[in-house]
Amino acid sequence: MVFKVKVFKLYPALLSLCAGLIFSTGLHAQVVPLDRVAAIVDNDVVMASQLDQRMQELQRQLRERGTQLPPDDVLRQQVLDRLVVESIQLQMGERAGIRIDDATLNQTMEQLAQRNNVTTEQFRAALERDGISYDQAREQIRREMIINRVRQRRVAERIQVSDQEVRNFLDSEMGRLETAEEYRLAMIVLPIPESASPDEVRAIGETANDIYQELNAGADFTNLAVARSRGDTALEGGELGWRRSAQLPGPFASAVAALDTGEVTQPLRSPAGFHILKLLETRGGEGQMVEEFHVRHILIKPSEIRTEEEAAQLIQRIYERIRNGESFATLASAFSEDPGSALNGGSLDWVMPDSMVPEFREVMTEISENTVSAPFQSEFGWHILEVQGRRNVDMTSEMREQQAMSLLRNRKYEQELQTWLLEIRDEAYVEIKI
C-alpha cells in the first residue's frame, strides 16, 4: 500500500516558542507555554497572541460604535479569516519586494494625526488611552500600506473598462448626473424656530442681510461662519464640500449657478431659515480648461529578485548618469520597467495631473520645465521624471470620459477585489490549528 505524505517545512524557532520553556527541577520538568500557532499560512504563521490582540481591538471599536457584539466564537473565526488573508497578501508583497521604509511610515503617521486635528504626540497619547501602543499601531499601518500596494498592483490589472461601456454610461441618466457640474460650497445658516413670530422672522432676515453686507464689504466668510452661523458645519467655516446642482434645492441651484468663484449669494429663504452660500470652487460641466504636462519618466520596480533598497540604488545611479550628461531617452529605453513608455524613451506624451498617482502628480506639478526630478517612490516603484512642456486645453469631453472611466473602474474594483481575495485564499495552503 502506498501512502501519500505531505511534507512541511520545520521552523526551529517557532517550534521552540510553541513548546514553551522547560525548567529543570531535579527529576521533574515544568512546561511554561508562551504562545500558540493559530494557523499555518503557506510559509508564515498566525499566532494566537495576534488573534487575541486583534480581537480585543475589534471588540473595543464595536463597543465604541454601540454595535452589538457577535458571540466570541463567531467573531474569533471572522478575525482569524481576516488575519489569514492578510498573511497571504503580506507574503505576496514580500515576494514582490514591496517595502515601506521608516521615513514613509513616519510621514503617514503624521498625516493620520493631522487628519484628526492633533499633534503626533497627542495622537500617540490617544492611542495609548485606548490600550493600543504607538509601535503596534505603527506596524499595523505598515502592514495595511503593503497590502494596499499589493492590491493596487494585482487587482487593478484585472479590471478592464471598454470604450462602449464608457459611452453607454455617459448616455445614461446616471452618467449625465455623475458627470454634471459640481460646486464646492460654504454656507452660513440662520435658522428660524418653528414658533417664531413674524417680527422674529423679520429680525432674523435683517441679521442675514447685515451679514451679507459685511461680506460684500470684505469680511472673511470663514470667520463669520464660525461666529454667526448656526449650521452643522459652522465650526468648519461653513464648509459643505462638493455638491451637484441636482442635489441643491431649486432656488439654491439657480443662485449658485449665477456666481463666480469667490462670490456669495444674497440671503436665501427656506422653511429652515436664511442661508448665504459662497462658491469656493467649480469642477465638471462645460468649458473645462485643464493644464496638461508633457512628461517622460523612468520607472524601476522592486521584484522577487530586486529588493526595495536595490531598486532605490539603481534609480539613483540612473539619475546621476543623467545629471552627468547621458541621454534620458537612451537610459529610459535601456532601464525603465514601464513597458508603455520605455520604447518611446520614457515619454508619456501629454497627461493631466488627476490621471497620475499622488506622488507622481506632486512632483510633476512642482518641478520646472526641462528639469529632471530627484528619485521618488510611488506604489508602482521608483521614478525620475522630466516635464518637457505645459499647456492649457479645453478637456470637457475628455474629462467626462476620464471621469466615467474612473467611476466604472471604481465600481468594478470592489467586486474584483472580493473575487481576487477568494482566489488567493483558495490557492494558499492554510491549516487552522485552534
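Guide: Start at a helix end. Ser-327 caps the N-terminal end of H13, with a side-chain oxygen 3.3 Å from the backbone nitrogen of Ala-329. This is a predicted model, where local features need pLDDT of at least 70, side-chain atom pairs count only at pLDDT 80 or more, and totals for chains, interfaces and linings use all residues. Residues are numbered from 1 along each chain as its sequence is written, and side-chain values use heavy atoms, leaving out hydrogens and water.

Visitor: Which residues of H13 are buried, and which are exposed?

Guide: Phe-328, Leu-331 and Ala-332 are buried in H13 (residues 328–335). Buried means under 20% relative accessible area, exposed over 50%, partly exposed in between (1.4 Å probe, protein chains only). The buried residues of H13 fall within an arc of 105° seen down the axis, so they line one face. That arc is taken from the directions from the helix axis to the C-beta atoms. Thr-330 and Ala-334 are exposed, on the face turned away from the buried side.

Visitor: Why is Arg-54 called buried?

Guide: Its relative accessible area is 15%. The limit is under 20%. So Arg-54 is buried.

Visitor: What makes the pair of Arg-54 and Glu-86 a salt bridge?

Guide: A salt bridge needs a side-chain nitrogen of Lys or Arg within 4 Å of a carboxyl oxygen of Asp or Glu. The closest N and O atoms of Arg-54 and Glu-86 are 3.0 Å apart. Arg-54 lies in helix H2 and Glu-86 in helix H3 (residues 72–95), so the pair ties together parts 32 residues apart in sequence. Glu-86 is buried, and so is Arg-54. The whole structure has 22 salt bridges.

Visitor: Why are Arg-184 and Glu-239 called partly exposed?

Guide: Arg-184 has a relative accessible area of 24%. Glu-239 stands at 28%. Arg-184 lies in strand S5 and Glu-239 in strand S6, so the pair ties together parts 55 residues apart in sequence.

Visitor: How do you know that S5 and S8 pair?

Guide: Two strands pair if DSSP finds at least two bridges between them. S5 (residues 182–191) and S8 (residues 273–283) have 10 bridges, in the antiparallel sense. Helices (H or I, at least four residues) and strands (E, at least two) are DSSP runs, numbered from the N terminus. In this pairing, Ile-188 stands opposite Ile-276 in S8.

Visitor: What makes S6 and S7 edge strands?

Guide: The open sheet has 4 strands in the order S6-S5-S8-S7, with antiparallel pairing. S6 (239–244) and S7 (268–270) each have a single partner strand, so one side of each is left without a neighbour in the sheet.

Visitor: Which strands does helix H9 touch?

Guide: H9 (residues 198–216) packs on the sheet and touches S5, S7 and S8. Contact means heavy atoms within 4.5 Å.

Conventions: Axes are lines fitted to C-alpha atoms, for helices over the stretch in contact, and angles run from 0 to 180 degrees between N-to-C directions. A polar contact is a pair of N or O atoms within 3.5 Å; within protein, one must be able to donate a hydrogen and the other to accept it, and residues adjacent in sequence count only if both atoms are side-chain atoms.
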